[in-house]
Protein chains: 2
Amino acid sequence: MIKNDLYLKALKGETVERPPVWMMRQAGRYLPEFIKLRDQYDFFTRCQTPELAAEITVQPIRRFPLDAAILFSDILVVPQAMGIDFKMKESVGPWLDNPIRTMEQVKAIETPDVNDTLGYVFDAIELTLQKLDNEIPLIGFAGSPWTLLCYCVEGKGSKSFDIAKSFCFQQPEAAHLLLQKITDTTIAYLNRKIEKGVSAVQIFDSWGGMLSPEDYQEFSWRYIQQIVDALAAFAPVVVFGKGCWFALEEMSKAKISALGVDWTITPELARKLTQNKVTLQGNFDPARLHSDPATIKKMVTEMINRFGKDRYIANLGHGILPNIPIENAAAFIQAVVDWKPTH
Amino acid sequence: MIKNDLYLKALKGETVERPPVWMMRQAGRYLPEFIKLRDQYDFFTRCQTPELAAEITVQPIRRFPLDAAILFSDILVVPQAMGIDFKMKESVGPWLDNPIRTMEQVKAIETPDVNDTLGYVFDAIELTLQKLDNEIPLIGFAGSPWTLLCYCVEGKGSKSFDIAKSFCFQQPEAAHLLLQKITDTTIAYLNRKIEKGVSAVQIFDSWGGMLSPEDYQEFSWRYIQQIVDALAAFAPVVVFGKGCWFALEEMSKAKISALGVDWTITPELARKLTQNKVTLQGNFDPARLHSDPATIKKMVTEMINRFGKDRYIANLGHGILPNIPIENAAAFIQAVVDWKPTH
């Protein structure tokens, strides 16, 4: 049904002529047409207005030969649906007036009906699918329960999320109750996204790498695994854990279709830790898009040669930086599209 | 000469009854007697006044049975000595009005005579050694050239040091010239510290983990290696690279006496990557000091059992957090002091 099925083939581990390419945060940030909408509408208005979210989703598709689109949205729409009132503060980022710090607060949180609270996301999927017209697949996403807990407890972004971690270590029961409520909501949310027609879902564990291997198992992975187990029968699930190199071996044994990796791991080690058996996605250093286009092309070609063309999705190792020149982003994508086997 | 030589024995790989213990950032932050001085004198006044630096260095030694002292100072005193005018801004941290962003700026930077510019550090060492009275060894330290470049180019702290990285990727010649100037100054600085009587030196590569393995070799490790090669004949050198798990194998082959590791790596893997042949230091998650004292004792005991008592220095995996209760810090230290072999 979908004309360019390179991304879906890579998720299934099928042989491809070249790897598919998309870029984390490809929808926005560095594009002038996005910046125009950003100056007109505030952050959550863009997320909550299906027409805007759909438009932003397809903006990079009009410019570049990308092999997948990712719905424009934010991981914080899930806690918002749970009644946790996140704002986006200018030059601060996510902000909670009353961060979650006690068992009483956790107990008061509802597990909402996602159709009532997140209908705007499902409407955005419908509009986006019309615009994409079956040309390329659409990816849906959610934050990992641990990463969402980080924001809910810290109340804002952080270098090391020490308040969130301390909350888990001082009040583990409250932490686990919150993580379970987020997990249940996320499963319902992603299930509905799949019903609405996304071709795959990706879970972003942006702050898993702040935890020790043991604490990662306890506070992050066991909840991601619940989500994977609940969804794997219905759509391919991709898990990206930034800084979670230490858990790659364990993660590769789950019912995932692909694992995202960041740029601190070599392709060879990532393949070794995942026993050469799962599709990997990544892992170009986003700051390396500040190199000149010729250097980018050379580095991308080498990255593909090292990961191998099959069971591989070319991507950045984290989100694109807002100040990347468009021609550099284009060079990254084009280098994948132009890739040829060397022998 | 030094009565408690447990730390020095561990650096030499000698057999010990229990591992030595000290804590990164043990001088200050969480101690009321430190906070009193902090409220009286600004940050760099405390660094630049030998009497204050010496007093802060020994404050934790009066309270706890620590096996080493580390001189109270800051990694930014080296760029300050090079004429790069760092300030400490309230609730912001390190701050440069004019960050280094061009080759012209780099060329204008002098490699100073450390005796003229950093005499206050050497005077602080002299006063501290008098106060320590040969009871325990004193550690001197410096930032890695890469970590110092991060602050010089970014101009402030950052989650990902994208400006610093982009500077290296866009202007590699300027980056390498700056790194070499910092390296030369650091070698002279640490050499003089050793002459003044510190028993070992530690290099902090706090931001090495922001780089890919290849970029780490180019922009960080090759300069750390110059420092290690220049100093190893005169004193034990310890290297701590936060997030630098990917380079541990390579690092273990250098003329270092110990490697610091953070809490994202298991003791078993750290031992394996360093071929069981170097002393390791770490790696308790600083946020885990928010657990109750009984849990801390249990976790510390397990950490020692997993690393093994020999060729091991018990420490945190990064600096202590300012809001740690004193009894929890005490529980960490006491658990090491009380450690007994299980069989």
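Which strands of chain A does helix H12 (residues 213-231) lie across? Select H12 in chain A: the helix lies across strand S5 (200-205) and strand S6 (237-241), running at about 175° to S5(A). Angles run from 0 to 180 degrees between N-to-C directions, with axes fitted to C-alpha atoms, for helices over the stretch in contact. Helices (H or I, at least four residues) and strands (E, at least two) are DSSP runs, numbered from the N terminus.

The model is predicted: local features need pLDDT of at least 70 and side-chain atom pairs count only at pLDDT 80 or more, while totals for chains, interfaces and linings use all residues. Residues are numbered from 1 along each chain as its sequence is written, and chains are lettered from A and ligands numbered from 1 in the order in which they are written.

Next, display the sheet of chain A. Its 7 strands form an open sheet with parallel pairing, in the order S1-S4-S5-S6-S7-S8-S9; two strands pair if DSSP finds at least two bridges between them. Strands S1 (69-70) and S9 (312-316) stand at the edges, each with a single partner strand, so one side of each lacks a neighbour in the sheet. Helix H8 (residues 119-132) of chain A packs on the sheet, touching S1 and S4.

Finally, move to chain B and select Trp146(B), in helix H9 (residues 145-154). Trp146(B) is buried, with 30 other C-beta atoms within 10 Å (buried: 20 or more such atoms, placed from the backbone). Beyond four places in sequence, its contacts (C-beta atoms, placed from the backbone, within 7 Å) include Leu179(B), Trp207(B) and Tyr223(B).

Definitions and conventions: Contact = placed C-beta atoms within 7 Å. Buried ≥ 20, exposed ≤ 12 C-beta atoms within 10 Å, placed from the backbone.
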